[in-house]
Amino acid sequence: MMDTGLLIIRLVIGLLFAAHGAQKLFGWFGGYGLAGTGGWMDSLGLKPGKTMALIAGLSELIGGLLLVIGFLTPLAALLIAGTMVMAIVKVHLPNGLWSTANGYEYNLVILAVVIGLALTGPGQYAVDALLF
């Protein structure tokens, strides 16, 4: 049952992050694409904004897809964790913990989940289990 639980976690988190990356990169799923996300990142002081949007989008897309298939799970977790740390520091930290006040609660939960996956492994239903 543990392997099924890990698969569910990987699928949900991985697919959501792949979609967040697609929002930033391509404007899919209601996103703003590189230009719009880049402008927002410029406004946060993350310059050059378009380059930072590209890095964040690729990290989320690639990290999410790697997590879904359970391949290079520690790298996938690191890519997602990096975007969550930046989101906490640059956007949510001044608002406190609670997400109801636009705080970092949600980002911290995601950070804990991906670090937990990196430490426990992706389970038997993963490419990593076949290769390593």
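Phe-26, Trp-28 and Phe-29 make up one aromatic cluster. This is a predicted model, where local features need pLDDT of at least 70, side-chain atom pairs count only at pLDDT 80 or more, and totals for chains, interfaces and linings use all residues. Numbering runs from 1 along each chain as its sequence is written, and side-chain values use heavy atoms, with hydrogens and water left out.

How many aromatic pairs does the whole structure have? Two. Rings of Phe, Tyr and Trp (its six-membered ring) pair if their centres lie within 6.5 Å; planes under 30 degrees apart are stacked, over 60 edge-to-face, the rest tilted. Phe-26 and Trp-28 are tilted, at 4.8 Å centre to centre and 35° between the planes. Trp-28 and Phe-29 are edge-to-face, because their planes stand at 90°, with centres 6.3 Å apart.

Now exposure. Buried means under 20% relative accessible area, exposed over 50%, partly exposed in between (1.4 Å probe, protein chains only). Phe-26 is partly exposed at 45%. Phe-29 is exposed at 59%. Thr-37 has 8%, so Thr-37 counts as buried.

Thr-37 sits in helix H2. Helices are DSSP runs (H or I, at least four residues), numbered from the N terminus. Leaving out residues up to four places away in sequence, Thr-37 touches Lys-24, Tyr-32 and Ala-53; contact means heavy atoms within 4.5 Å.

Last, the lining of the largest pocket. Helix H4 gives the most to that lining, nine residues.

Note on methods:
Helices (H or I, at least four residues) and strands (E, at least two) are DSSP runs, numbered from the N terminus.
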